[in-house]
Protein chains: 2
Amino acid sequence: MLSSPNPLKPRLTQARAELTRQIDVVNEFGQPSHVHIPAERALTVYLDKRELVTLMTLGASPEHLVLGFLLNQRLIQSVGEIESITVDWTLGEGEMGQPGVAAIKTRAGQSQAGSKTAARVVTTGCGQGSVFGDLVNDIDAIQLAPTARIDQATLYALVNAIRLQETTYKSSGSVHGCALFKGAEMLMFVEDVGRHNAVDTIAGWMAMNDVSGHDKVFYTTGRLTSEMVIKSAQMGVPIAVSRSGITQMGLEVAQRVGLCAIGRATHKRFLCFSAAHRLIWQAELAEHATRPIAHD
Amino acid sequence: MLSSPNPLKPRLTQARAELTRQIDVVNEFGQPSHVHIPAERALTVYLDKRELVTLMTLGASPEHLVLGFLLNQRLIQSVGEIESITVDWTLGEGEMGQPGVAAIKTRAGQSQAGSKTAARVVTTGCGQGSVFGDLVNDIDAIQLAPTARIDQATLYALVNAIRLQETTYKSSGSVHGCALFKGAEMLMFVEDVGRHNAVDTIAGWMAMNDVSGHDKVFYTTGRLTSEMVIKSAQMGVPIAVSRSGITQMGLEVAQRVGLCAIGRATHKRFLCFSAAHRLIWQAELAEHATRPIAHD
């Protein structure tokens with residue numbers, strides 16, 4: 001879905017790095033063994049040479065991550081404000097105290113984007129230092145496409161596509177995955193050590209590719225917290241699906257913006273938490289499903 | 001374990017609130033149903049009347065949470081700096097835009113604690129806006145008790161105690177649990193919607209009760225990320241156990257400070273990731289264990 005193509009796209013590097021690493025462990029028999037763990041890198045972000053934040057990331061797509069972070073933190077209003085994002089891991093590889101560097105150059109220079117920094121960056125996080133305060137004020141301005149719906153067959157196809165996806169999670173565990181779907185077609189899949197990074201990476205990818213959210217479905221392996229629901233809504237995506245559950249604030253935000261939140265989605269089972277009018281039930285497809293209480 | 005008792009303890013309220021809430025859902029057959037979800041509340045923290053941060057929390061122990069947050073963010077150096085912490089949920093109950101309030105009064109007044117605020121609060125979070133930068137500088141100052149060890153029988157007893165614990169997770173899912181053990185004795189157990197909140201609550205509880213970490217074991221249901229390992233080390237707890245895995249930075253921090261990180265701990269299985277000299281193997285206890293690759 002291309003909409004309002006923007007000729008002013010930033011130049012992005014394509015910094016790449018290994019996503020898993022083999023380590024030595026000792027098992028319960030006292031025997032040495034090996035397992036793979038996900039990589040985790042510190043990436044210090046500089047906005048027009050001013051240090052902004054350090055993100056801990058798997059490193060799968062650092063440029064899109066940084067772009068999405070700027071957008072979701074509302075440090076920039078559009079991708080056109082950025083001239084380039086240059087990521088260099090070489091400083092940081094293997095040395096804990098030496099993060100990689102993401103240098104962002106804005107078209108306007110530091111005067112414009114820098115002025116918002118101090119007030120905004122305070123409020124990032126996962127349950128702490130939440131973006132909640134600022135974002136709640138803006139929720140009511142969000143208009144999700146009123147007619148966007150998903151049918152049960154498509155939901156099942158989407159859950160199955162996630163199941164088949166080759167992932168760092170399968171080889172190493174300990175990462176969160178997010179995906180963007182149009183119908184049952186997976187447009188993008190990304191994993192990160194933090195799920196906020198994963199959804200920000202999707203936001204950055206959407207902005208770079210002029211992808212509108214109004215006819216898309218957002219999938220996350222993690223819980224539907226308020227921040228995940230808000231970010232989905234900010235991206236204009238009216239339907240969010242999770243393997244896990246929902247938190248109270250996540251539910252309240254979803255109800256308030258009319259976002260269809262679907263959780264506990266595994267195999268043929270799911271629960272619709274909000275905006276049920278967006279879901280077209282085909283209950284005959286569910287007939288062999290069982291309904292135990294699932295936890296995440 | 002009492003050490004250096006401090007007569008200057010803050011006065012804490014004991015604000016309590018429901019930890020779960022029943023909600024209406026629609027299942028995959030299109031049938032209305034009910035499930036319980038964990039509560040999630042916004043708690044805006046004021047330090048000497050200055051707004052500091054908004055935490056999203058389950059609300060199980062908000063005063064200890066706030067105290068531990070201040071300590072772990074190094075906004076205060078000791079519990080003696082705080083005169084009182086007053087939590088009032090009544091403003092926030094049920095209304096998304098109206099957080100509860102935690103009012104902290106320092107003994108010194110705003111001049112002392114307030115001055116550190118701006119620089120420190122920027123760096124909170126879960127993979128984003130990390131405390132990493134500041135904390136890495138301080139890691140090398142941490143001295144964990146060199147002789148602290150755990151034997152395999154105690155580790156198994158600890159994992160079993162967690163299994164038997166009645167939890168919000170069991171009834172509602174979607175929360176992280178943390179616990180503090182002395183040997184196989186569970187001294188404290190707390191759950192929250194964010195695992196950083198859970199570990200901060202433990203830190204606050206330890207500070208209020210003059211509990212030293214040097215002979216304790218920290219347990220978390222979540223991954224051993226760098227921030228969880230750093231917080232365990234900051235509390236002086238030399239052994240950290242998780243049901244989940246470890247991330248690369250978590251491992252590097254654990255190795256650097258000599259913290260024994262034990263992951264994938266379920267039933268009789270576990271992997272020791274670091275400081276294996278702290279673990280006393282009793283392999284005969286593991287004989288019926290199997291060793292599939294576990295994911296979290």
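Let's start with one pair of strands. In chain B, strand β11 (residues 217–220) and strand β12 (residues 239–242) run parallel and pair over four bridges. Look across that pair. Phe218(B) stands opposite Ala240(B) in β12(B). As background, strands of a sheet pair through backbone hydrogen bonds, either parallel or antiparallel.

One caution before I go on. This is a predicted model. Its scores are ipTM 0.81 and pTM 0.83.

Now zoom out. Which strands make up the open sheet, and in what order? There are eight, and they run β3(A)-β2(A)-β14(B)-β13(B)-β12(B)-β11(B)-β9(B)-β10(B). Read the letters: strands of chain A and chain B sit in one sheet. The pairing is mixed. At the edges stand β3 (32–38) of chain A and β10 (185–192) of chain B. Each has a single partner strand, so one side of each is left without a neighbour in the sheet. Neighbouring strands here are turned by 30° against each other on average, ignoring direction.

Helix α6 (residues 195–208) of chain B lies across β9 (176–182), β10 and β11 of chain B. Against β10(B), helix α6 of chain B runs at about 140°.

Next, a single residue. Find Lys49(B), in the loop between β4 (41–47) and β5 (50–57) of chain B. Is Lys49(B) buried or exposed? Exposed, because Lys49(B) has 11 other C-beta atoms within 10 Å, and the cut-off for exposed is 12 or fewer. Now check Ala102(B). Along the chain, Lys49(B) and Ala102(B) are 53 residues apart. Their C-alpha atoms are separated by 9.9 Å.

Over to chain A as a whole. Chain A has eight helices and 15 strands. Of its 296 residues, 54% are buried. Take the contacts in chain A between residues at least 6 apart in sequence: 57% of them join residues at least 24 apart.

Last topic: confidence. The mean pLDDT of chain A is 84, and 82% of its residues reach 70 or more. Which element of chain A has the lowest mean pLDDT? That is helix α2 (residues 110–120), at 45. The highest is strand β12 (residues 239–242) of chain A, at 98. Two stretches of chain A need care. Residues 1–5 of chain A stay under 50, with nine contacts beyond four places in sequence. Residues 113–132 of chain A are also below 50, and that stretch has 77 contacts in the model beyond near neighbours in sequence. Where pLDDT is low, the predicted coordinates should not be read in detail.

How values were computed
Residues numbered from 1 in each chain as written. Chains lettered and ligands numbered in written order. Predicted model: local features only at pLDDT ≥ 70, side-chain atom pairs only at ≥ 80, totals over all residues. Pairing = 2+ DSSP bridges. Helix = DSSP H or I, 4+ residues; strand = E, 2+ residues; numbered from the N terminus. Axes fitted to C-alpha atoms, helices over the stretch in contact; angles between N-to-C directions. Contact = placed C-beta atoms within 7 Å. pLDDT = per-residue confidence, 0-100. Buried ≥ 20, exposed ≤ 12 C-beta atoms within 10 Å, placed from the backbone.
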